[in-house]
Amino acid sequence: MAAIRTVFLGSAWQRCRVHFVRDVFGVIEKGSGEMVAATIRTLFAQTTPEAVRTQLDVVADILGRQFPQVKSMLLNAAGGITALADFPPAHWKKIWSTNPLERLNREIKRRADVVQVFPNPAALDRLAAAVLAELHDKWQVFDCRYLSEGSMAELLTTEPVEDDRPLPPQPELNQPGQRLHHSAGHHPYFHVDPLCHDRGSRP
C-alpha cells in the first residue's frame, strides 16, 4: 500500500475479499465461519456504490453484536474493501479479488514449467513478456476481453480534477539526445491506475 501511494499517485487499492474473509476466520470459532462469510459477501451483492458503503456499516453492526473484533476489522478495512465502488459495476468482479492476477501468474508458471531450465534471467523475462503480450491481445480483441470497451469508456466521463499547480518544466523539443518524460501524479491528466488493466491500451 505504501508503494502504491508513493509510485501510483491517485490510484485506488482494493483489498481482496477472499483474503479478508480468511483473516476474519482467524478471529472467530470455526462453527461460525459460514455464517460470517455469507454476511460479509452481501457487501458484494449490492448494485450501486452507495449501497456497497451502506451495507458495510450494516454488516459491521450485525456481526459486531457477536464478534466485536470482526466489526473492528471491517471498519478499519472499509476503504480497501469498498474501493471497487468508485469503478463501473461491470469491473467489480474483476477487481474485488486477486483471482484474475493469480490465474495470470499460473499461466506464466505453466509455460515456465515446460522450459524447466533457463539459461539466464533475461530468458525468463522474455518468456513472461511473451505470455503477457499474448493474453493482452486476447483481452483486447476477443470475447474474453478483461474489461469491456463500453465499461472502460465510463471511466472517461469523469470530469478532470482542477489543479492550479503549474506543469513541471519540460525540455525543449527537437534537441538531440533529449527525451520528454511525463511522471504520473504530477498533473491530473497523467494518471496511472493499477486496477484497470487495459486503460490507455493497460497499471
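**Exercise 1.** With which residue does R111 form a salt bridge, and how far apart are the closest N and O atoms?

*Solution.* The coordinates belong to a predicted model.
- Step 1. The partner of R111 is E107, and the closest N and O atoms of this salt bridge are 3.0 Å apart.
- Step 2. The criterion requires a side-chain nitrogen of Lys or Arg within 4 Å of a carboxyl oxygen of Asp or Glu, so the pair of R111 and E107, at 3.0 Å, qualifies.
- Step 3. Both residues belong to helix α8, where they are 4 residues apart, about one turn of the helix.
- Step 4. E107 is buried at 18% relative accessibility, whereas R111 is partly exposed at 22%.
- Step 5. Through salt bridges that share partners, E107, R110, R111 and E134 are joined into one network.

**Exercise 2.** Find how many salt bridges the whole structure holds, then characterise the one between D86 and R53 and the one between R41 and E34.

*Solution.* 
- Step 1. A search of the whole structure gives 8 salt bridges.
- Step 2. D86 and R53 meet through their side chains with an N to O distance of 2.6 Å. The pair links distant parts of the chain: D86 lies in the loop between α6 (78-81) and α7, and R53 lies in helix α4, 33 residues apart.
- Step 3. D86 has a relative accessible area of 56% and is therefore exposed. For R53 the value is 35%, so R53 is partly exposed.
- Step 4. In the salt bridge of R41 with E34, the closest N and O atoms are 3.1 Å apart. R41 is partly exposed at 40%, while E34 counts as exposed at 56%.

**Exercise 3.** Which two residues form an aromatic pair, and what is its geometry?

*Solution.* 
- Step 1. The structure holds 1 aromatic pair. It consists of F44 and W96, with 5.5 Å centre to centre and 70° between the planes.
- Step 2. Planes over 60 degrees apart count as edge-to-face, so the 70° of F44 and W96 places the pair in that class.
- Step 3. The pair links distant parts of the chain, its members being 52 residues apart. F44 is in the loop between α3 (33-41) and α4 (49-64), and W96 is in the loop between α7 (92-95) and α8 (99-115).
- Step 4. F44 and W96 are both buried.

**Exercise 4.** Is T39 buried or exposed? Describe its surroundings as well.

*Solution.* 
- Step 1. T39 is found in helix α3.
- Step 2. Its relative accessible area is 15%, so T39 is buried.
- Step 3. A polar atom of the T39 side chain lies 2.8 Å from the backbone oxygen of M35.
- Step 4. When neighbours within four places in sequence are left aside, T39 is in contact with V59 and L63.

**Exercise 5.** Where do the buried residues of α2 fall when seen down the axis of the helix, and which helices do they pack against?

*Solution.* 
- Step 1. Helix α2 comprises residues 17-25, and F20, V21 and V24 are buried there.
- Step 2. Seen down the axis of α2, these buried residues fall within an arc of 100°, and therefore they line one face of the helix.
- Step 3. The buried residues of α2 pack against α3, α5 (68-76) and α6.

Note on methods
Residues numbered from 1 in each chain as written. Predicted model: local features only at pLDDT ≥ 70, side-chain atom pairs only at ≥ 80, totals over all residues. Heavy atoms only, no water. Phe/Tyr/Trp six-rings, centres within 6.5 Å; stacked < 30°, edge-to-face > 60°. Helix = DSSP H or I, 4+ residues; strand = E, 2+ residues; numbered from the N terminus. Buried < 20%, exposed > 50% of the residue type's maximum accessible area, 1.4 Å probe, protein only. Polar contact = N/O pair within 3.5 Å; in protein donor to acceptor, adjacent residues only side chain to side chain. Contact = heavy atoms within 4.5 Å. Arc of directions from axis to C-beta.
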